[in-house]
Amino acid sequence: MEDCLFCKIVKGEIPSKKVYEDEEVLAFKDINPAAPIHILVIPKKHITSLAYVKKEDEILIGKIYTTINKIAEDNGFKENGYRVIVNCGKDGGQEVMHLHFHVLAGTQLGEKIV
Ligand code: 5GP
Ligand code: ZN
């Protein structure tokens, strides 16, 4: 999408600190980390939010989770653990309208909401 921040990151128009990349998935460091390790994992394809994931995206979404596990292993935080968060829509606190999975790690994470 033309004016989407994360599509611009996918296209390299905005720089990012990449952690992982393949044909379908990109992972990069969050610019404003909320934990010692804060990685955003996104589909390269523009999907506005979790609410707009379609049947045809089911394999892609599954792949994002296995990619997160690979990132955890490759970056040494698989055993200590991590938290994966997807904010969806206004009430969910989503600010960038391109589906993204926050991966937080590197410390005992704080308050559990759920
Ligand atoms: P949301 O609130 O939409 O779930 O999360 C958006 C995330 O994107 C925030 O954690 C924010 O710090 C991150 N972010 C916003 N703009 C940029 C950017 O230009 N580069 C990177 N790497 N992260 C960004
Ligand atoms: Zn996008």
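Is Lys 45 buried, exposed or partly exposed? At 38% relative accessibility, Lys 45 is partly exposed, where buried stands for under 20% relative accessible area, exposed for over 50%, and partly exposed for anything in between (1.4 Å probe, protein chains only). Before we walk on, a word on the ground rules: this is a predicted model, in which local features need pLDDT of at least 70 and side-chain atom pairs count only at pLDDT 80 or more, while totals for chains, interfaces and linings use all residues. Residues are numbered from 1 along each chain as its sequence is written, chains are lettered from A and ligands numbered from 1 in the order in which they are written, and side-chain values use heavy atoms, with hydrogens and water left out.

Let us stay with Lys 45 for a moment. Its partner in a salt bridge is Asp 57, and the closest N and O atoms are 2.4 Å apart; a salt bridge here is a side-chain nitrogen of Lys or Arg within 4 Å of a carboxyl oxygen of Asp or Glu. Both residues lie in the loop between β3 and α2, so the pair ties together parts that are twelve residues apart in sequence. The elements are DSSP runs numbered from the N terminus: helices (H or I) have at least four residues and strands (E) at least two. Asp 57, with a relative accessible area of 2%, is buried.

Side chains of opposite charge can pair when their charged atoms come close. The whole structure holds eleven salt bridges, one of which joins Glu 21 to Lys 44 with closest N and O atoms 2.8 Å apart. Glu 21 sits in strand β1 (residues 18-21) and Lys 44 in the loop between β3 (37-43) and α2 (58-74), so this pair links parts 23 residues apart in sequence. Glu 21 is partly exposed at 37% relative accessible area, and a network of salt bridges connects Lys 18, Glu 21 and Lys 44. Asp 22 pairs with Lys 63 in another salt bridge, at 3.2 Å between the closest N and O atoms. Because Asp 22 is in the loop between β1 and β2 (25-29) and Lys 63 in helix α2, the pair ties together parts 41 residues apart in sequence. Asp 22 and Lys 63 are both buried.

Now to the metal. Cys 4 (SG), Cys 7 (SG), His 46 (ND1) and His 98 (ND1) coordinate the zinc ion (ligand 2) at 2.0 to 2.3 Å. Donors are N, O and S atoms within 2.8 Å of the metal (3.2 Å for Na, K and Ca), and sites may look incomplete since water is not among the atoms. The four donor atoms subtend angles of 105 to 116°, which makes the arrangement tetrahedral (all angles between 85 and 135 degrees for four donors). Along the sequence, the donor residues follow the spacing C-x2-C-x38-H-x51-H. Cys 4 is in the segment before α1 (5-11) and His 98 in the loop between β4 (82-85) and β5 (101-105), so the two tie together parts 94 residues apart.

The loop between β4 and β5 also holds Gln 94, which is buried at 8% relative accessible area. A polar atom of the Gln 94 side chain lies 3.1 Å from the backbone oxygen of Thr 48.

Methods: Tetrahedral: all angles 85-135°; square planar, octahedral: opposite > 155°, others 65-115°. Polar contact = N/O pair within 3.5 Å; in protein donor to acceptor, adjacent residues only side chain to side chain.
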